[in-house]
Amino acid sequence: MEAGGGGDPPREPPRSLQGLLEMAVTAGEPQRPPREPMGEERQRWLRAAVAEAMGGTGGELEELRRCLDVLGGPYPEEEEPKGGPGGPGAHEQALEELAELCESLDNAKDFCSLGGLEVVVGLLRPPLPPPLRAGAARVLGACAQNLPEAQFRALTLGALQPLLEALRGDPDPDPRVPNRALFAISCLVRGQPHGLEQFERLGGLEALGGALQSPHPPLRARAAFVVHSLLREHPRLREPLCRGGAIARLGALLRTEHDGAHEHALGALCSLATDFPEGVRECRAPPLGLEELLRERRELLRGREEFQEELEHCERLLQLCFETPPEDGGMDR
């Protein structure tokens, strides 16, 4: 039967990448005149374009397998404890590639189906070299941040315990270890009640408070961000955080050199002072000297568009704690 008055029967839908490639080549040719064989360069370009349109999963799946094969092989555990030139370069490179690949949700799912979570959770503990532990935490966080199945599986595998040990332990020779451990922790507990429950039971709030006082600015910044995020998502955490000294630690953080951590520290303090009289009382404690610091900071930030959100937190905290009557200071106006 003719279709649309033409002499050709309707074409079968493509059932393979090659068939889709042929359809892409012939689409739009009204009379199908004889054509020159397609050049090799043109074929490569079209195959790449079609593969990208279809998600590019074939090559990336093989890359996931290759990286996992590398991690399954032997590595020099003790050759270079500080991750120097003689360290486990192939394994570290494989973890870096996996972290980038697993930013894609489809790749993260494939990684989990290949048993990748079991592999990286096994790389989180000492005495493995710091680069491996840092890389494993980064991969774990990349998988868990948008994939609830990965969150649940990693929690079932017991990933939180070694991550918290990395966060609360002695200063690591590689500062990436606690920073990436906290990244993975935040990805495991965000939007995951089971994860938050484990986190609290394992002393995670105390470890998070300690990270606010880290000598490493990137870790302080990430800790302040996590505290702020948890308080917005779970206001009930105000009481245990306040009891654990979070307000004093956040106040001390505000006296360090100004950086991106300060915006999140001020946001966290606002959350601790909103509808929570105990938080307001602690913010008003004279030894903290918070009122004077906030007024100075407000003047410093005024007119600087890049710090607008930090300025808003600063003004809000002044209103909550120092510009309302004591009996109403914890109320959200």
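The protein chain folds into 19 helices and 0 strands. The model is a predicted one. Of its 333 residues, 43% count as buried. Contacts between residues 24 or more positions apart make up 69% of those with a separation of 6 or more. The accessible surface of the chain comes to about 17,500 Å². Carbon and sulfur atoms account for 52% of that surface.

Gln198 sits in helix α11, which spans residues 193–201. Its relative accessible area is 9%. The cut-off for burial is under 20%, so Gln198 counts as buried. Beyond its neighbours within four places in sequence, Gln198 contacts Leu155 and Leu160. Leu155 also takes part in a polar approach: its backbone oxygen lies 3.4 Å from a polar atom of the Gln198 side chain.

Leu250 belongs to helix α15. Its relative accessibility is 0%, and it is therefore classed as buried. Once neighbours within four places in sequence are set aside, Leu250 is in contact with Leu212, Ala265, Ala268, Leu269 and Leu272. His264 lies 14 residues from Leu250 along the chain. The C-alpha atoms of these two residues are 9.3 Å apart.

Glu310 is placed in helix α19, residues 308–322. A relative accessibility of 2% puts Glu310 in the buried class. Excluding residues up to four places away in sequence, Glu310 touches His258, His262, Glu263, Leu266, Arg297 and Leu301.

Helices α12 (204–211), α14 (238–243) and α15 (246–253) each contribute at least two lining residues. Helix α15 also carries the buried Leu250.

Notes. Residues are numbered from 1 along each chain as its sequence is written. This is a predicted model: local features need pLDDT of at least 70, side-chain atom pairs count only at pLDDT 80 or more; totals for chains, interfaces and linings use all residues. Side-chain values use heavy atoms; hydrogens and water are left out. Helices (H or I, at least four residues) and strands (E, at least two) are DSSP runs, numbered from the N terminus. Buried means under 20% relative accessible area, exposed over 50%, partly exposed in between (1.4 Å probe, protein chains only). A polar contact is a pair of N or O atoms within 3.5 Å; within protein, one must be able to donate a hydrogen and the other to accept it, and residues adjacent in sequence count only if both atoms are side-chain atoms. Contact means heavy atoms within 4.5 Å. Accessible areas come from the Shrake-Rupley method with a 1.4 Å probe; for residues, only the protein chains shown count as cover.
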